[in-house]
Amino acid sequence: MVKIIDALNSVLEFLYPATCPLCNARVSTHGELCADCWGEFHWIDKPKCAKCGYPFASDLDLGLETLCPVCAAGKCELDWIRSACVYDDGSKVAMLPFKHCGKTQYSTFMSRAMMWALRDVDCSAIDIVMPVPLAYKRLWHRGYNQATLLARPIARALGLKMDLESVRRKYRDSMGHKTAVQRAQNIRGVFNVVRPENLKDKNILLVDDVMTTGATFDELKRVLKRAGAKNIYGLTFCRVARTA
């Protein structure tokens with residue numbers, strides 16, 4: 001039986017060889033990036049903020065528990081946040097098609113990179129994985145919630161339940177091209193907890209595709225804490241560099 005399975009896998013590999021999802025170059029494993037495409041991303045590694053994961057200049061040696069100015073001032077949106085890479089021209093080639101053009105196959109390498117970003121935090125404290133909800137109108141128009149596609153393999157890898165039913169999101173205008181103040185105003189009151197019993201005393205990992213100003217995480221933390229959640233963490237594929 002093992003020989004038969006190996007033979008079938010060899011045939012499938014011949015018919016459908018593993019290729020880089022971005023450039024179609026041959027790779028060893030389905031869903032992974034080739035070395036050239038991998039090198040185009042600004043992956044977040046040390047040194048970085050111990051709380052929000054924001055990257056510091058690579059030539060700084062600040063120790064393990066150094067905080068960025070925002071977190072040092074007690075203004076971090078969540079209890080901790082991690083992101084796989086910086087949102088820039090390198091990551092846009094994946095992020096924008098994944099979010100707006102149906103390139104859902106990108107979720108494989110994106111979710112793997114996000115798991116790598118969790119390597120320095122204690123995941124054993126997490127009780128629930130929750131993709132940031134999408135309004136029904138936008139979900140119907142797009143056809144998928146990109147946060148859910150990323151969260152599903154992460155929840156599976158962590159051996160945790162993925163919560164898709166406890167929080168609902170109202171439809172609002174797109175957050176794109178809004179200032180930080182406008183984003184905060186636009187997101188206020190957009191989330192509604194419909195099953196607080198699922199959240200009481202739970203440590204929740206929020207999963208999203210990109211962190212821009214943090215307004216979405218900040219608002220979700222507010223409503224989840226009010227519903228009785230204990231700690232709220234965040235994980236995204238990429239994050240926008242701070243301008244101030």
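Residues are numbered from 1 along each chain as its sequence is written, and side-chain values use heavy atoms, with hydrogens and water left out. Because the model is predicted, local features need pLDDT of at least 70 and side-chain atom pairs count only at pLDDT 80 or more, while totals for chains, interfaces and linings use all residues.

The confidence score comes first. The protein has a mean pLDDT (the predictor's confidence in each residue, from 0 to 100) of 88, and 88% of its residues reach 70 or more. Over residues 4–15, pLDDT stays under 50. Where pLDDT is low, the predicted coordinates should not be read in detail.

Now to the rings. Rings of Phe, Tyr and Trp (its six-membered ring) pair if their centres lie within 6.5 Å; planes under 30 degrees apart count as stacked, over 60 as edge-to-face and the rest as tilted. The count comes to 8 aromatic pairs. Phe-41 and Trp-43 are stacked, because their ring centres lie 4.9 Å apart and their planes meet at 20°. Both Phe-41 and Trp-43 are buried (under 20% relative accessible area, with a 1.4 Å probe and protein chains only). Trp-43 also pairs with Phe-237: the centres are 6.1 Å apart and the planes at 80°, so this pair is edge-to-face. Phe-237 is buried as well. Ring pairs join Trp-38, Phe-41, Trp-43, Tyr-106, Phe-109 and Phe-237 into a cluster.

Charges meet rings too, counted when NZ of Lys or CZ of Arg is within 6 Å of the ring centre and within 35 degrees of the ring normal. The charged end of Arg-119 sits over the ring of Trp-116, 3.8 Å from its centre.

Methods
Buried < 20%, exposed > 50% of the residue type's maximum accessible area, 1.4 Å probe, protein only. Contact = heavy atoms within 4.5 Å.
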